[in-house]
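Here's a quick look at the rings and the core of this model. Have the structure open while you read.

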Amino acid sequence: MERKLYAYRCRKCETLHYPFRMVCRGCGDNDFFEFDAEPLPRRGTLLTFTFVHNLPAQFEVARLGLGIVELENGIRVTGQVEIDDPRLGMDVVGDIGVVRRDAYESRYGIVFRAA
């Protein structure tokens, strides 16, 4: 099963939001049912990144890459970066994947790899 990440478009003013917001930042409307889900593109550009080295026990890696990516539609998202030598401005592709495992369940998020 392919998992997707969604943005939400206001039906009144067409402003695209990610993550979901209760109030549209474009027109100020706050009717919950006035937004349509829209799949986000998978490709984007790496704007910035960092590595975390002191992780809690739930993470089974020595370091964790985190980055901010601007997707093809202009939306910016934060996700894990699984690239050995990331560079600012490089093209990346995001997929939904397991970002952490707890005792009884897996946690999902967006994971970026080199395009």
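How many aromatic pairs does the count come to? Three, in what is a predicted model. Two of the pairs are set out here, each described by the distance of the centres and the angle of the planes.

| Pair | Centre to centre | Angle between planes | Geometry |
|---|---|---|---|
| Tyr8 and Phe20 | 5.2 Å | 85° | edge-to-face |
| Phe20 and Phe35 | 5.6 Å | 75° | edge-to-face |

Tyr8 sits in strand S1 (residues 6-10) and Phe20 in the loop between S2 and S3, so their pair ties together parts twelve residues apart in sequence. Phe20 also pairs with Phe35 of strand S3, 15 residues apart, which again links distant parts of the chain. Put together, ring pairs join Tyr8, Phe20 and Phe35 into a cluster.

How covered are these rings? Tyr8 is partly exposed, at 24% relative accessible area, and Phe20 is partly exposed too, at 30%. Phe35, though, is buried at 10%, because buried means under 20%.

Met22 lies in the loop between strand S2 (16-17) and strand S3 (35-39), and at 48% relative accessible area Met22 is partly exposed.

Now for the inside. The largest nonpolar core has 14 residues, and Leu40, Leu46 and Phe112 are among those with the most contacts inside it. Strands S5 (64-71), S6 (76-81) and S8 (106-114) each supply at least two residues of this core. Leaving aside residues up to four places away in sequence, Leu40 touches several residues, including Leu5, Tyr18, Leu71 and Val77.

Definitions and conventions
Residues are numbered from 1 along each chain as its sequence is written. This is a predicted model: local features need pLDDT of at least 70, side-chain atom pairs count only at pLDDT 80 or more; totals for chains, interfaces and linings use all residues. Side-chain values use heavy atoms; hydrogens and water are left out. Helices (H or I, at least four residues) and strands (E, at least two) are DSSP runs, numbered from the N terminus. Buried means under 20% relative accessible area, exposed over 50%, partly exposed in between (1.4 Å probe, protein chains only). A nonpolar core is a set of buried Ala, Val, Leu, Ile, Met, Phe, Trp, Tyr and Cys residues joined through side-chain atoms within 4.5 Å. Contact means heavy atoms within 4.5 Å. Rings of Phe, Tyr and Trp (its six-membered ring) pair if their centres lie within 6.5 Å; planes under 30 degrees apart count as stacked, over 60 as edge-to-face and the rest as tilted.
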